[in-house]
Amino acid sequence: MRKVAITHVAQSSGAESRESLMDFTYKVNKEILDKAGLKREEVGCIIAGSADIFHSGLSCANAYDWDGIGAFMKEGSRAEESVFSFIYGCMRIMSGRYDTVLVTAIVKGSENPDNDPITCFYGDPFYLRPLGINESSVAAMQMRQYMNRYGVTEEQCAKVAVKNLGNALFNPYAHVKKRVGLEDVMRSRRLYDPLKEMECAPKSDGVVAVLIASEEKAKELTATPAWLKGYGCSMDYFNPGDRDLLNGQLKAAAARAYKMAGIRNPEKNIDVAEICEPYAFQELIWCEQLGFCNEGQGGELIDSGITEMDGSLPVNPSGGVLATNPYPARGLYRVAEAALQIKGQAGEHQVGKKVKTALAHSTHGFGGQCHSVVILSA
Amino acid sequence: MSIEKYKIVEGQVKVTYELALGRTWSHFYDCFKEGKIMGTRCRKCSRVLVPPRSFCPRCFEDMDEWVEVSDEGIIETWVYVNMPFFAQETKIPFISAQIRLDGCDSGFTHIVGGVDMSDLDKVRAAVKLGGRVKAVWSREKKGSIRDIEYFEPVK
Ligand SMILES: [Zn+2]
């Protein structure tokens, strides 16, 4: 298998956009090609990450997406989980089929219904959907079990929102920009008790593009490639009632990625992590399952300050999904941010320590039904 | 080019789907209408799952032995929902819960009711992890998941 690296990254501004989805998409893709000094015709293949109907009001949305991404007259493909798009792109380079692939994930969250009615449609129409189950209510049930089983406190969960929204103040591409304290989060509305409003991700507009290339081409295009070192994914059963919500598939996904990357001690070997935490407490559970601390120690992990921007293992220096949640694109945002940290190009939210290895994580489905883990290295 | 205000098109779409419940779930809801909760047992791992499956999602084997389970069980976890959203069929506030029915090996998602919902402290006093609940069946059953109105705490 050939090596593959991320050479360039481009993102839209975090603000809600009044441009049409097609124009919104075009700007970022034009920008990444300009940064790389490539013409559209020179890119081997294009993979999109987007979601139709509920997230765009379009059916078979890729038909509409291709123009703005510059994919016309090329081979392309699309996935709704944008980390899948990334890995499909990588495989096309590893196999030797192409030397460059542009991977782009797009959504205008501001244009479509709230997350809760959309994620209610994850539920099957015979059983879960008529009961009003959605991603937030399952997350809240997961949080109650988490606190009960391990004695993690509501305050420890709320601290994740304080940390991540604080980090977002240093990220020009973040959506939610406000300094919040622990009391603000604790006093925010209990929409899904024990989950509070400020512990739930917003709904954002976002286009993120990453250019990936073969070894030879990457070295030609950039002095700071971020190499793909590992990838793992695992999916759990559909019904939340069939699973232990506190022991899902992230450990399995991480084990696959760590094995491929040769990582034996994630807490020491990983310098920074971008984790998909649509609900604050999930960052703590995911950190445990990624091996950053022991099972049930997520509360102590956040208390220790290790995951702060200047800590020994910063988590979500970008502000994470709690600050910016362009739903189907949020996984590729994590990959892009991990790459920027390795390239030393994260600007004001560049972490204090030197970054050699970075982890990006994505999840979707009720209570984290599916998890993907990507390891990048300098 | 100077534009004072960008235009927006508002859209709403209503389309019809006809989604098949299939043999297993049709039988489940026929029995539900009679006030019985039926699960299926896996030949290999012997687990009883509710709602029933035609195959075991763990063993990937047929599940064709029908077993009636209790309409009583314990709360595995719950959430107090106070967020209105489009197309929500239940009036807020309400409680969603995962209930382990006696004789069943999976969590049954449903609603917990029959408690004073006026404030969260009262709810917390009545609804507890591990607390026992029993189904309150609707008087008029239609063969749907809401044939059980809710589960109420057993006093
Ligand atoms: Zn089985």
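**Exercises on cysteines, zinc and surface in a predicted model**

At 29% relative accessibility, Cys45(B) is classed as partly exposed. The exercises below concern a predicted model.

**Exercise 1.** Identify the protein donors of the zinc ion and determine the geometry of their arrangement.

*Solution.* Step 1: the donors are the SG atoms of Cys42(B), Cys45(B), Cys56(B) and Cys59(B), which lie 2.3 to 2.4 Å from the zinc ion. Step 2: along the chain, these donors follow the spacing C-x2-C-x10-C-x2-C. Step 3: Cys45(B) and Cys59(B), 14 residues apart, link distant parts of the chain. Cys45(B) belongs to the loop between strand 1 (37-41) and strand 2 (48-49) of chain B, whereas Cys59(B) belongs to the loop between strand 2 and strand 3 (65-69). Step 4: the four donor atoms subtend angles of 105 to 114° around the zinc ion, and the arrangement is therefore tetrahedral. For reference, the ideal angle for four tetrahedral donors is 109.5 degrees.

**Exercise 2.** Explain why Cys157(A) is too far from the closest cysteine sulfur for a bond.

*Solution.* Step 1: a disulfide requires two cysteine sulfur atoms within 2.5 Å.

**Exercise 3.** State which residues make the nonpolar surface patch of about 470 Å², and locate Val15(B).

*Solution.* Step 1: the patch is made by Val13(B), Val15(B), Tyr17(B) and Leu19(B). Step 2: Val15(B) is placed in the segment before helix 1 (22-33) of chain B. Step 3: Val15(B) counts as exposed because its relative accessibility is 53%.

Terms used: Residues are numbered from 1 along each chain as its sequence is written. Chains are lettered from A and ligands numbered from 1 in the order in which they are written. This is a predicted model: local features need pLDDT of at least 70, side-chain atom pairs count only at pLDDT 80 or more; totals for chains, interfaces and linings use all residues. Side-chain values use heavy atoms; hydrogens and water are left out. Donors are N, O and S atoms within 2.8 Å of the metal (3.2 Å for Na, K and Ca); water is not among the atoms, so sites may look incomplete. Four donors count as tetrahedral if all angles lie between 85 and 135 degrees; four count as square planar and six as octahedral if opposite donors are over 155 degrees apart and all others between 65 and 115; anything else is irregular. Helices (H or I, at least four residues) and strands (E, at least two) are DSSP runs, numbered from the N terminus. Buried means under 20% relative accessible area, exposed over 50%, partly exposed in between (1.4 Å probe, protein chains only). Patches are made of residues with over 30% relative accessible area and no salt bridge: like charges are joined within 9 Å, nonpolar side chains (Val, Leu, Ile, Met, Phe, Trp, Tyr) within 5 Å. Accessible areas come from the Shrake-Rupley method with a 1.4 Å probe; for residues, only the protein chains shown count as cover. A salt bridge is a side-chain nitrogen of Lys or Arg within 4 Å of a carboxyl oxygen of Asp or Glu.
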